[in-house]
Amino acid sequence: MAESAAQALQRRHDELEGAPDPFPPMSSGQNGGTRRAPRKNAPLNTEDEEAFPSLASAAPAKPAVASAWSAAARVRQAAPRVVAPVFSDSFVLENIDLSTAGKDGKPITLNEVLKRVMLQHKNVKLEASTQRKDGRAKTSFVIKADSEAEVEAAKRKLTAALSPVVTRVVQSPISAIGAIVGQKGANLNQLRAKYEVRVDIPRKDTNLAPPAGASGAASPTPADEDEEPTQPISVTGPLSSVIAAIAEIEGIISTKTSTITQRVRDVPTKVFPFIEGRRSDYEEAVSNESSISVNPIPESREITVSGDRQGVVKTVEQIKKDIEELENSITSISIPVKKPKHRLLVGDFAHELMATAKCAIELPEDSDNETVTLWGLSDDLPNGLMAINKKGDSQYTQTITIPAPSGPICEYLVTTAYFGSIWGPKFPGVEGYPVPRGKGHVIDFVGEKDAVAPVVKDLNKLFQDLAGSIRQVEIDWLLHKPLAGKFAKRVEQFRTANHTEVHFPEESDEKSTVLLVYDLGKSSSKTEKKKHLDEVERELKKLAAEMGNIRSEEITVDKKWHQAIMGKNDSNLNAITGEEKVLSIKFGSQARLNGDNSLLEDTILIRGPSSDVTRALEAIKQLAEKAKTDEIESSYVTEFDIPQEYARHIVGSGGSGINKLRDQLDVKVDLNDDADKEGADTKKKGKKSIAKTHVKITGRRSNADEAKKRILAQVERLEDETTETLKIPNKYHSGLIGTAGKYVSRLEEKYGVKINFGGEESRGRGQGGNLGPDEVMVKGGRKGVASAKSELLEAYEYEKETNQAVEFTVPSRAVARILGRGGSQINEIKEDTNTQIDVEKADAHDPKAETLITVRGTKAAIADAKKQILAIASEVGEETTVTINIENRFHRNLIGAGGQGLKDLIAKVGGPSEPKAQTGLIHFPRNGEPDDEVTLRGEPALVKKLQKELEKIVSELRDRVVLGVDIPAQHHRVLIGRGGQHLNELQDRHNVTVQFPGSRSYYQIGEPENVDELAEVPPENIVKVSGSRSACEKAMKEMSDRPTPQEQVTTTITVPLRYVHSISQQGIFFRSLRQIGVQVDQSQQPSKAASTPRPPPSGGAARIDEESIEEAVQWQVAENHQDGEEGDAEWTLRGRDQAALDKAQSMIEEAVAQAQSASHVGFLTLADRSAFPRIVGTKGASVARLRNETGAEITVGREDNTIVIIGSESVIEHAKSKILDIVNNSTRPRGGRSRDDED
């Protein structure tokens, strides 16, 4: 009988051990044509047509019925059915234990497990089949779903349900904890939900760690280890889920701890140099895959390897392997080498020996042992011996013995750094090393043989000088610092009175000897030296005895309290030891960390004067008891819940709120979300779930209660918080905010609220960006919000009445005139009308014919401001702009001094005479710019005239030449004339420009054309003339033909030196003399300054009480010329005629008499400089009037509030009264009524 398709399938299924059930439910909808997605870990494909052929019907197929309408029979085809892709996966589990897989650990069947998983994943189908063979049960599972994600999720859920519950611990470096937890626990929560496991991470400040080696204990870290300490993370759940979760955690850890440091400790002494020599080899070996750094530390015989984890681990393994090999392979040989030559075999030589001979040298630590040990491979030792012998013979060495007393002399040489600072510069090329050897001390010398001999001779002389001049005194090292500090003056007296210097050793040496050295430069007898040394020794011991007997005490205190006893930054320890530091306190816990094992960990050793030791013992006991008490008191815990929505406010930005509580109250505050518990409780009661945050505060009871009180008070304020949004047009916001936010800030402080204005960018007040432009948000307590809202609305109504706004347009061409130079015109209108005026900014890319102006203020003020603005705009008629090219070199001539050239040009063509109207008509490029464009802007007719005139002037300038003429320098003054009168007449006559040497424009005008003709003429005689050639020649001829001025007449007059500065008036007087044609030569200048010193204030500022002055005014009077220089100066007067000399002499005599009469100087100091503009007046008119009326010299200070008045005593009093009258009668500045004044 033939095998049916079903039987063939069953046979093949039996051959495949552990294959799934071949009869899937009919609802699975599988067919041979279904497209499959790729699957992971799928050892058996149930959709394979070859392995699982489609089931055939047992009855023979019926032939198709032929249609009556067709010529031949046809098979009717069904319409194609679209089938969605199905994803599947299969896996096998052995020996499944379902005895505890049910709820609460009860037994359950496999079917129930499958149903429970399919219930949780609606679109998933699960099938299972179990086979037993050789006592082993294997269950095959097939999972099918519409997506790969659903397949994976169902697989995790199923394996978790069938796996035993276990707890595994993974150690994580502290730095990776943050990445595992994530922001606000996001990563940790995702991990828990993904694998349905429990992940516990102890808090960072948890100090109650399990014993070392116990499960979950933090890995022990030596105190000096660079490895980062770790934190245990426990994962509890089904085995498969736990393994997957730990794999993901370890993946996070690997990304955060890619760089590590490891050490290889206790490297054998003989091996260490070989490992050190291979440093570069180790780094290069892993350079292609990792970056590491190998650092040998000879002092501790350890190798530190830092860098990428993979490279570090590989290198450390290699180093350990090399150490083991070297210990077994290297051998040694010992040879005697004279002790001084040992100095040559250290330092760089050790590295050279390893590099060249591959050997290491070991020197004896014993000062008397001369045996040197050489380590290396047997084949390398001969080369090493040769290198040592060669190095030993490279320099001459010699040893001399230090005579008795060798100890003090050796100490002197070391303490004074004799071979470095004193002796080194004298004998370069020779090194000396004083060391103890045998029963005494010696000095080893290394250097050239010829250089060592004079050194030995010099030292022998030093030894003779030190004989009887040096001594060591036994004084406990604890007393050295107070002796050098508290009794520093007494120690200094030893040097002056006893010619003896006292040398204290370094405190860190803890050496209880003091070195006394008698002055080596003083020739004294041995008896006298001994006398002084005895006296100093006696006095030192006496001072030490006064400080008390030194004793030691030990006290046992548990090491966990040691840090509390020391205090933060050793504050408690410093308080106990005091400033003099006469006490030594050692803690066993710290000493062991530093390698000192002389003390037990719980022991504290106190050493010092007896009384101080007793005091320190008592203080340490009290601190230990206080630490124990503090631990008990600080362990008080209070716990409570707050709404979760307020937790972030309690924590504060960046934890600022919690940190503030910790700093102020010394408490520990922990916040944990407890939403699940709260949700479960409220669900039972049928209430809506409210998320809560659990707060736990640990510390002293009073502090913890205070922290709780503050937190609950803040929560209460947050619960009372409300928000109101007001509709206020944006144009009134600036008025409500006030200048620099003054008004709104006052409201916020007054009512404890936050006020945000919509569309207001400059203040950036919190959430203002979320508001509309016409909205104002008030946020805070209900009562405060209501009050602030009421006051804001009142202010809004006030602003609507007083802060009206009117918008209008003006021609854009008039904006410049309306604004004025630097905004002067518009500011003047604002002050006059007390309004706020905003002018629309012009767009350079899209210019407009009209410009919008907005005016705010009262109705009357707005009308006044608008009227003034429109009046200015109406004055500006139609404008045109013309640009002409004028070479930059002509610009200065056209502009003229102070712009006078342009003013004359505008006046010449009939332009406006007012400066404001002239502004902007002609625009030249700025100084230094190469641009040659000159812009004319204004009324078309005026611009046309200006353009024509400018082109005419420029045409003349282009035709100009520059010629030079030889005019003796002594004739220049006559040609220029008084005030430049002759020069101006000459220039106007010939229409030329004449430049004399020394003028500002002399070099700017350029070189003259006839410069070659003037090559022999002195430069100071060359006068330049520019203009048309014919005009220049005529002007030059006139200057050359001018008759030579007659010889000047002279006379001499004597002037007292003390009056010279007063007469000069900073050069004004001499300029006056030059105007009448008289020059003055002074035989002597005063050497002292011209100022009269201001007398110091006597008791306080003098008060001048006037009804309208409230400020203090200070008036001080001093004699003038009281510090004037004695003697006379001869003034030689030179003039063109005797009449000028007579007039000048009369002026000088009058000035001397006036200086003599100016006998006093008054210093008038006002409260501020507000009145100075009225005192000075426009261009100094007021102060000039005061000088004429009173006859006093008045100087108004530029940098202070003082006015200096010079004259006779009555004159300066009169001037002072006049000035105070101006201050008293001054009117107050005008000012408008503002919102802030009302508030």
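Contact here means heavy atoms within 4.5 Å. The model is predicted, with local features needing pLDDT of at least 70 and side-chain atom pairs counting only at pLDDT 80 or more, while totals for chains, interfaces and linings use all residues. Residues are numbered from 1 along each chain as its sequence is written, and side-chain values use heavy atoms, with hydrogens and water left out.

**Whole chain**
- The chain holds 45 helices and 43 strands, taken as DSSP runs numbered from the N terminus (helices H or I, at least four residues; strands E, at least two).
- Buried residues (under 20% relative accessible area, 1.4 Å probe, protein chains only; exposed is over 50%, partly exposed in between) make up 38% of the 1239 residues.
- Of the contacts between residues at least 6 apart in sequence, 70% join residues at least 24 apart.

**Helix α9**
- Helix α9 spans residues 309-329, 21 residues in total, and its end C-alpha atoms lie 30 Å apart, close to the 30 Å expected at 1.5 Å a residue (1.5 Å times one less than the number of residues).
- Its buried residues are Gly311, Val312, Thr315, Val316, Ile319, Asp322, Ile323 and Leu326.
- Exposed residues Gln310, Glu317, Glu324 and Asn328 sit on the face turned away from the buried side of α9.

**Residues 526-553**
- An unreviewed UniProt entry places the feature "coiled-coil region" at residues 526-553; such annotations may be inferred rather than shown by experiment.
- In the model, residues 526-553 are 75% helix and 14% strand, with the end C-alpha atoms 43 Å apart.
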